[in-house]
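The stops below go from the whole chain to single side chains.

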Amino acid sequence: MAPVKAQDASTDQQTMLDAQLQLWHHTFGYIKSMALKAALDLRIPDAIHQHGGSATLPQIATKATLHPSKIPCLRRLMRVLTLTGVFQHSTTTDDDGGELVYELTPASRLLVGSVTTNVSPFLNMVLGTVFVSSFLDLGEWFQHELPDPSPFKLTHGRHVWDLAIHDASFAKLCDNGMVADSGFIMDVMVKECGDVFQGISGSLVDVAGGLGGATQAIAKAFPHIECSVLDLPNVVAVAPTDTDVKYIAGDMFESVPSANVVFLKWVLHDWGDAECVKILKNCKKAIPSEGGKVIIMDIVVGAGSSDQKNVETQVLFDLFIMTINGAERDEKEWKKIIFEAGFRSYKIMPVLGVRSIIEVYP
């Protein structure tokens, strides 16, 4: 047997260390999420913003009402958040060698104040204990035969929609999250992708549109469109009344109100193929065969930028939505349910980050 060269042994050891690093990087990845959640809970982005966009640790601690004894711990938290790009820092110059000053980045600017671009409520929903705990026994869930309870139901004893009906605080968390997402993404959509609404000469119904955040953005940007929202009676009962948007109580699995255009924002990813086909068939019945269309905003896995972060986020979201028995679909899977519902053609426009606009024609 040939002797092992020192260089070969060193290479083998480095390979093992690199492999361990990769596993550790995955293992401790959840700490990045929890550090972000802590920043949201402590309103650190607001604290920095209120100091003019840059603040020292003592200034952040004062705004966040932390005891001075926690400043060393806050430094360690901010070190993670700056390393991961949530914040950035610079160093002041003084006789003592300088002090770190923390600043907002494009990412943390989306976590500030009450502006429509604040996505904090959506992140609070996803990072909340209810959803995070659904992943703790994912391995056990995989050992059961389908159909079985979703990971969410296996953990909490109820499906996500049922829990929202019985738990007011969870319902509010979800409502706030979806309103925040609508405020952010619809602002982008009407400014950058308004062409999909320009040709609408009549009416639009937002199916499962909740409290109407998305629809109100469309109505404001395109006042010539008669906009309405279809959702369950308990949702419509608490819908805003100071708006021109019309709210219709109903069930998308039963029927969809007639309109020139049907809008589905982040709806179909909540359901399996059979349910999606049923919803889409009802949408097809609701629109005219000439000039009608369905506009879907959802993830098309593999569409858009080939950047690793984009693709990884799409597949991570697919695993997240799997916990409530939902699914993100690639183009082949979208094509299957669209054609099975009786539509003749579709067009995918990957223009909203990880999400796409899909226009579907009868």
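Predicted model: local features only at pLDDT ≥ 70, side-chain atom pairs only at ≥ 80, totals over all residues.

Residues are numbered from 1 along each chain as its sequence is written, and side-chain values use heavy atoms, with hydrogens and water left out.

**Whole chain**

Select the protein chain and colour by secondary structure: there are 18 helices and eleven strands. These are DSSP runs numbered from the N terminus, helices being H or I with at least four residues and strands E with at least two. The C-alpha trace spans about 70 × 65 × 40 Å along its principal axes. Of the 362 residues, 41% count as buried; buried means under 20% relative accessible area, exposed over 50% and partly exposed in between, with a 1.4 Å probe and protein chains only.

**Two domains**

Next, select 5-110 as domain 1 and 119-361 as domain 2; such bounds come from an automatic or database domain assignment. Their C-alpha centres lie 34 Å apart. Seven residues of domain 1 are in contact with eight of domain 2, contact being heavy atoms within 4.5 Å. About 620 Å² is buried between the two domains, and carbon and sulfur atoms give 73% of that area. Buried area is the accessible area (1.4 Å probe) that two parts lose on being put together, summed over both. Now show Lys37, Leu40 and Leu110, which supply 73% of the area that domain 1 buries against domain 2, more than any other three residues. Salt bridges between the domains number zero; the term covers a side-chain nitrogen of Lys or Arg within 4 Å of a carboxyl oxygen of Asp or Glu.

**Salt bridges**

How many salt bridges does a search of the whole structure find? The search gives eleven.

Select aspartate 181 and lysine 265, whose side chains meet in a salt bridge at 2.8 Å, N to O. Lysine 265 lies in strand β7 (residues 261-265) and aspartate 181 in helix α12 (residues 168-192), so the pair ties together parts 84 residues apart in sequence. Lysine 265 is buried, at 8% relative accessible area, and aspartate 181 is buried at 6%.

Lysine 191 is exposed at 59%, and aspartate 187 is partly exposed at 25%.
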